[in-house]
Amino acid sequence: MTNSSVDHSMPGKWYFAPLLMMFVLVVSGCSLMRPTPELPQNLTPEARSDYLSQLDYWQLTGRIGIIANGESNSANISWQKNKQTTSVRIYGALGATYALVTQTPTGATIKLSGDEVYQGDDAQLLLWQTTGWHIPINQLQQWILGLHQNAPQYQLNPQGYVESIAFDQWQLSFNRYQSFYGLAMPKKLRATHPDITIKFAIYDWAFVNHD
């Protein structure tokens with residue numbers, strides 16, 4: 001719809017420019033104020049694995065695509081591990097949460113878009129029962145960082161990083177790594193099962209809790 005009352009004269013642009021500059025400066029200032037984690041640099045694959053396996057906190061953000069029953073769906077995902085608590089949030093482009101599932105040592109909780117809340121013992125099972133999304137949270141929790149500890153079968157790429165892991169009819173493929181704060185971390189990976197394919201495109205990894 002076109003609003004004929006809008007003034008397109010030059011003075012309006014002059015007022016807009018300073019506001020835009022102020023916004024850029026504020027955003028830039030916030031970025032500079034955000035603490036940068038001090039992580040070990042230039043680790044060998046073995047030292048990297050040892051370091052990541054001892055982390056109390058990590059978080060990934062990115063996109064997830066799910067192909068099942070001839071249908072394809074995609075959404076944003078934030079996956080956080082904070083000591084013994086795991087939270088997986090699946091949400092839309094405008095930030096609306098489709099599902100937020102949390103696993104603690106005492107049980108699991110899921111909150112859906114309509115504010116429905118359900119509880120159970122296992123986050124993976126709870127997510128499947130309420131949304132139909134079959135995401136192997138329990139297993140990926142161990143290996144999504146590109147670690148192979150406790151993996152039944154795995155292969156390494158020529159650089160010494162995990163290339164694939166096989167478990168319970170699942171095949172986890174690490175298609176690409178990228179440096180985040182000096183650590184080589186998975187950027188693109190795929191989890192395939194006879195009934196479902198899950199694709200991850202990871203935008204960012206965080207290793208410091210800013211809460």
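## Getting started

Two residues are in contact here when heavy atoms of theirs lie within 4.5 Å. With that in mind, welcome to this predicted model. Among the contacts in the protein with a separation of 6 or more, 39% are between residues 24 or more positions apart.

The protein has 211 residues, and 36% of them are buried. Its accessible surface comes to about 13000 Å², and carbon and sulfur atoms account for 53% of that area. As for secondary structure, you will find 4 helices and 11 strands.

## The sheet

Let us turn to the strands. An open sheet of 11 strands runs in the order β6-β5-β4-β3-β2-β1-β11-β10-β9-β8-β7, and the pairing is antiparallel. Its edges are β6 (117-120) and β7 (153-156), each of which pairs on one side only. On average, neighbouring strands of this sheet are turned by 20° against each other, direction ignored. In general, the strands of a sheet pair through backbone hydrogen bonds.

A few of the pairings are worth a look along the way. Strands β1 and β11 are antiparallel partners over 10 bridges, and Ala-68 stands opposite Ile-196 in β11. A hairpin of 2 residues joins β10 to β11.

Helix α2 (residues 45-53) touches β9 (170-180) and β10 (183-193), and its direction makes about 80° with that of β10. Helix α3 (residues 123-131) touches β4 (97-104), β5 (107-112) and β6. The direction of α3 makes about 30° with that of β5.

## Aromatic pairs

The structure holds 7 aromatic pairs. One of them is formed by Trp-58 and Trp-205, with 5.7 Å centre to centre and 55° between the planes, a tilted arrangement. This pair links distant parts of the chain: Trp-58 is in strand β1 (residues 57-68) and Trp-205 is in strand β11 (residues 196-206), 147 residues apart. Both Trp-58 and Trp-205 are buried. Ring pairs also join these two with Tyr-181 and Phe-207, giving a cluster of Trp-58, Tyr-181, Trp-205 and Phe-207.

Another pair to look for is Trp-143 with Phe-167. Their ring centres are 4.9 Å apart and their planes meet at 55°, so this pair is tilted. Why tilted? Planes under 30 degrees apart count as stacked and those over 60 as edge-to-face, so the rest count as tilted. Trp-143 belongs to helix α4 (residues 137-143) and Phe-167 to strand β8 (residues 162-167), so the pair ties together parts that are 24 residues apart in sequence.

## A charge over a ring

Finally, take a look at Arg-89 and Tyr-91. Arg-89 lies over the face of Tyr-91, at 3.9 Å from the ring centre.

Note on methods: Residues are numbered from 1 along each chain as its sequence is written. This is a predicted model: local features need pLDDT of at least 70, side-chain atom pairs count only at pLDDT 80 or more; totals for chains, interfaces and linings use all residues. Side-chain values use heavy atoms; hydrogens and water are left out. Buried means under 20% relative accessible area, exposed over 50%, partly exposed in between (1.4 Å probe, protein chains only). Accessible areas come from the Shrake-Rupley method with a 1.4 Å probe; for residues, only the protein chains shown count as cover. Rings of Phe, Tyr and Trp (its six-membered ring) pair if their centres lie within 6.5 Å; planes under 30 degrees apart count as stacked, over 60 as edge-to-face and the rest as tilted. A charge sits over a ring if NZ of Lys or CZ of Arg is within 6 Å of the ring centre and within 35 degrees of the ring normal. Two strands pair if DSSP finds at least two bridges between them. Axes are lines fitted to C-alpha atoms, for helices over the stretch in contact, and angles run from 0 to 180 degrees between N-to-C directions.
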